[in-house]
Amino acid sequence: MIKPLLAALGLAFVSAAAQAAPEDIVKKSGCLMCHQVDKKVVGPSYKEVAAKYKGKKVDAMLFDKVRKGGAGNWGVVPMIPHTPQQISDADLKTVIAWVLKQ
């Protein structure tokens, strides 16, 4: 009983350690070409996004917005769609959670 528990704990630790930091994901995925944490570039800053959606359950909506792209929420410049080849579903969910905590 103890050995399977230790193995499961070890796998959980390895899995958590293997996840990339959100800051690394946004760098790797090219998000910083249009967004910064605390200043508007082409798109809104992550702090602006977090403030706009504070207290709202918008994870799924933001996930769709990144995947499909779009315009109108932050001005006339559209956000291009971002495919799973550019940023995986898991990484995108990690980044969205991080952005909403800014």
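Reader: What volume does the largest pocket have?
Author: Keep in mind that this is a predicted model. In it, 34 residues line the largest pocket. Its volume comes out at about 790 Å³.

Reader: Which helix gives the most to the lining of that largest pocket?
Author: Three helices each supply at least two residues of the lining: helix 3, helix 4 (59–68) and helix 5. The one that gives the most puts in four residues, and that's helix 5.

Reader: How many charged residues does the lining of the largest pocket have?
Author: Close to the centre, you'll find H35, P44, V66, M79 and H82 as the nearest lining residues. Sorted by class, the lining has 22 nonpolar and 10 polar residues, and the charged ones number two.

Reader: Why are the buried residues of helix 2 on the same side?
Author: The buried ones in helix 2 (residues 22–29) are P22, I25, V26 and S29. They sit on the same side of helix 2 because the arc they cover around the axis is only 95°.

Reader: Which exposed residues does the face turned away from the buried side of helix 2 carry?
Author: On the buried side, the cover includes helix 3 (46–52) and helix 5 (89–99). The face turned away from that side carries exposed residues, namely K27 and K28.

Reader: Over which residues is the pLDDT below 50?
Author: Overall, the protein averages a pLDDT of 88, and 82% of the residues score at least 70. One stretch falls below 50, and beyond near neighbours in sequence it has zero contacts in the model: residues 5–15.

Note on methods: Residues numbered from 1 in each chain as written. Predicted model: local features only at pLDDT ≥ 70, side-chain atom pairs only at ≥ 80, totals over all residues. Heavy atoms only, no water. Buried < 20%, exposed > 50% of the residue type's maximum accessible area, 1.4 Å probe, protein only. Arc of directions from axis to C-beta. Contact = heavy atoms within 4.5 Å. pLDDT = per-residue confidence, 0-100. 1 Å grid on protein atoms, 1.4 Å probe; cavity = no way out; pocket = protein on both sides within 12 Å on 5 of 7 lines; lining within 4 Å. Points joined across faces, edges and corners; volume = space filled by probe spheres on them. Nonpolar A, V, L, I, M, F, W, Y, C, P; charged D, E, K, R; others polar.
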